[in-house]
Amino acid sequence: MIITSKSNSTVKEIASLKDKKFRKKSGTFVVEGYKMVNEAIRSGKEIRLLVATEEAVKRFEEYNLKTLTVTDEVFSFLSDAVTPQGVLAVLKEEQKSPIKPTKPSVLLDGVSDPGNMGTIIRTCAAVGVEDVYLVDCCDPFSPKAVRSSMSGIFFVNLYFLKREEVKTVMGDTPIIVADMNGENVFTFNPPNEYCLVIGNEANGVSNEIEEIATHTVKIPMKQTSESLNAGISLAVTLYELTEGKGKSLI
């Protein structure tokens with residue numbers, strides 16, 4: 001059966017997942033496009049429902065997934081993409097209790113832009129950082145953040161923390177804060193284990209996190225440049241701390 005109405009109860013439920021309130025209530029989120037849906041399947045994620053047009057659904061018949069087939073018009077209503085590919089999947093959010101990292105990790109302190117969030121998750125997955133801690137950040141499961149992560153969200157562990165919990169969870173893990181007043185990251189010799197902190201796009205790292213930092217590093221820039229965007233700062237710093245220091249996680 002092909003669903004032709006936007007008023008269908010399941011269609012309306014999926015459409016509601018564009019809103020954080022409903023994602024949180026249902027414990028699910030949406031990934032869209034052939035590549036991301038395939039990556040979700042291959043990485044063993046729990047797919048609650050596959051939604052596809054009559055043409056697109058043919059590519060996923062071998063997986064025996066619970067499927068809702070819809071018209072192109074209905075899919076366009078559900079899609080968050082500029083150019084819909086005709087397939088999306090509803091996935092279960094994986095909620096994990098915060099644990100102390102045992103190798104290099106990243107903490108995001110107030111990152112508020114979904115594009116930056118997705119880029120950072122994508123970079124962490126590429127570098128080999130598996131543990132990402134989120135403190136007062138935007139929702140990593142929003143459509144824009146998920147899309148920007150380019151499947152990276154399937155390969156990292158996301159832990160949600162309150163600022164007052166960070167010190168307890170991190171224990172004796174060295175905390176490296178990225179800040180313009182720090183030591184040149186290209187001459188800095190990092191410890192084998194650490195947590196790299198990236199702060200809010202406008203206000204930087206919070207006072208609470210700065211107080212427990214053991215190191216501060218910066219990316220040197222010309223005086224005419226005020227700062228780099230959070231996603232780029234993370235990428236440059238993290239690659240230097242790993243690949244640049246011969247401490248590859250890949």
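Let's start with what helix H5 hides. Its buried residues are Gly115, Asn116, Met117, Gly118, Ile120, Ile121, Thr123, Cys124 and Val127. Keep in mind that this is a predicted model.

Now the helix itself. H5 covers residues 114-127, 14 residues in all. At 1.5 Å a residue, H5 should span 20 Å. The C-alpha atoms at its ends are 20 Å apart, so expectation and model agree.

Look at the two ends. At the start of H5, Asp113 puts a side-chain oxygen within 2.9 Å of the backbone nitrogen of Gly115. After H5 comes Gly128, with a positive phi, near 110°.

Next, the partner helix, H9. Two packed helices are described by the angle between their axes and the distance between the axes. For H5 and H9, the angle is about 15° and the axes are 8 Å apart. Angles under 35 degrees count as roughly parallel, so H5 and H9 are roughly parallel to each other. Their crossing is right-handed.

Who meets whom? From H5, we have Asn116, Thr119, Ile120, Thr123, Cys124, Ala126 and Val127. From H9, they meet Ala230, Gly231, Leu234, Ala235, Leu238, Tyr239 and Thr242.

Is Ser233 buried or exposed? Its relative accessibility is 15%, so Ser233 counts as buried. Setting aside neighbours within four places in sequence, Ser233 is in contact with Ile219 and Leu228.

Definitions and conventions
Residues numbered from 1 in each chain as written. Predicted model: local features only at pLDDT ≥ 70, side-chain atom pairs only at ≥ 80, totals over all residues. Heavy atoms only, no water. Helix = DSSP H or I, 4+ residues; strand = E, 2+ residues; numbered from the N terminus. Expected span 1.5 Å × (residues − 1). Buried < 20%, exposed > 50% of the residue type's maximum accessible area, 1.4 Å probe, protein only. Polar contact = N/O pair within 3.5 Å; in protein donor to acceptor, adjacent residues only side chain to side chain. Axes fitted to C-alpha atoms, helices over the stretch in contact; angles between N-to-C directions. Parallel < 35°, antiparallel > 145°, perpendicular 65-115°, else oblique. Left-handed = near helix turned anticlockwise from the far one by under 90°. Contact = heavy atoms within 4.5 Å.
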